[in-house]
Amino acid sequence: MIVQDVINHLEELAPLAYAESFDNVGLLVGNKNEKITGVLVTLDTLEAVVDEAIKEKCNLIVSFHPIIFKGLKKLTGKNYVERVVMKAIKHDISIYSMHTALDNASQGVNDMICNQLELTKKRILIPQSETIKKLTTYVPKDEAEQLRTALFNVGAGSIGNYNDCSFNVEGYGTYNGNENSNPTKGDKGKIHTEIETKITVTYAKHLESKVIKALFDSHSYEEVAYEITTLENKNQSIGMGMIGELKQPMDASSFLNYVKNKMNTPCIRHSSFLNKPIKKIAVLGGSGSFAIQAAKASGADAFITADLKYHDFFTAENRILLADIGHYESEQFTKNLLVAYLTKKITNFAFVLSKTNTNPVKYF
């Protein structure tokens, strides 16, 4: 097995196409064709983690946070980022990061938080836009079924809980091939009229190359007529944060104690208690102040996130309980998620869960 084999599975879970534009994800260090001796999964890639990988004979580190976030102009070892990269290169260790691609995945970071809290009725808090594409093409009527099947087989036509979705209209297509043409229907130099089926399907943007390949491989025309448009529809399966519900409502004090226990956090910074039960919960792993308004608009009773500033707590405005549980604490179970996922996908290979605590924040 090579590095790319593992990457293929990871990008089924969290396609890099859905990472935020500011992010730096993917294979950051190493060769995608390198044969794998072992895989270490971690939240952060620090020097201690690279040492752990060396000890465990792992030459691929799958890390949630990217060790290289901004451009590196020098590699002199003057800071921890440069030292990590240098040590990884020296020992032929590849580093792959998922970060906001996994944040936006429906079974990613925030789904894991919901599972830890045993929330039900889960849905995306801030669905992504401009991630759904629409393909319209025209095919001879007798080839329509074959083409639809080819498109469906690569993932086109999936909408929510439904698959094989398409819209079809019959009509007449005309064309006149020049002397260099090689028409499969009709003759060059003559106007030809063909009974055609107009097929329209939607697909997730990360599938575009597969959809276009399926279209061209299955279509008989020398020149394939097709249109691709980007829809403004929100993608209910991709986006930041999640909303769910507790099995039973709790008062604020009991709820925060419940969160401390389930999320293994020693300290929670929170806004004023509300005089109402806590039932509907919004969550967003990592720095989530940007989602406070979305959490309020969703009708959530509480919003669990991290890295809230002093003035962020004022925005609760006695409408929602804001709970800052810590950045590391909100994402700490992500590596468990990845190990479980990879172990299920690749059953004949052992994945190593990093034992290194990479939390830079200490509590006194």
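View A. Lysine 213 is exposed, as is aspartate 217. Exposed means over 50% relative accessible area, buried under 20%, and partly exposed in between (1.4 Å probe, protein chains only). The two side chains form a salt bridge, with the closest N and O atoms 2.7 Å apart. A salt bridge here is a side-chain nitrogen of Lys or Arg within 4 Å of a carboxyl oxygen of Asp or Glu. Both residues sit in helix α7 (residues 208-218), 4 residues apart, about one turn of the helix. Helices (H or I, at least four residues) and strands (E, at least two) are DSSP runs, numbered from the N terminus. The model is predicted: local features need pLDDT of at least 70, side-chain atom pairs count only at pLDDT 80 or more, and totals for chains, interfaces and linings use all residues. Residues are numbered from 1 along each chain as its sequence is written, and side-chain values use heavy atoms, leaving out hydrogens and water.

**View B. Aspartate 111 and lysine 122.** A salt bridge joins these side chains at 2.7 Å, N to O. Aspartate 111 belongs to helix α5 (residues 109-116) and lysine 122 to strand β5 (residues 120-128), so the pair ties together parts 11 residues apart in sequence. Aspartate 111 is buried, at 10% relative accessibility. Lysine 122 is partly exposed, at 35%.

**View C. Aspartate 142 and lysine 185, a loop-to-loop pair.** Their closest N and O atoms are 3.8 Å apart in a salt bridge. Aspartate 142 is in the loop between β6 (132-140) and α6 (144-153), and lysine 185 is in the loop between β7 (167-176) and β8 (191-204); the pair therefore ties together parts 43 residues apart in sequence. Aspartate 142 is exposed, at 63% relative accessibility.

**View D. A salt-bridge network.** Glu118, Lys247 and Lys262 are linked in this network. The count of salt bridges comes to 15.

**View E. The buried face of helix α1.** Val3, Val6, Ile7, Leu10 and Leu13 are buried in α1 (residues 3-13). Down the helix axis, the buried residues fall within an arc of 110 degrees, so they line one face. The arc is that of the directions from the helix axis to the C-beta atoms. These residues pack against β1 (26-29), β2 (39-42), β3 (60-63), β4 (94-97), α4 (100-103) and α11 (334-345). Contact means heavy atoms within 4.5 Å.
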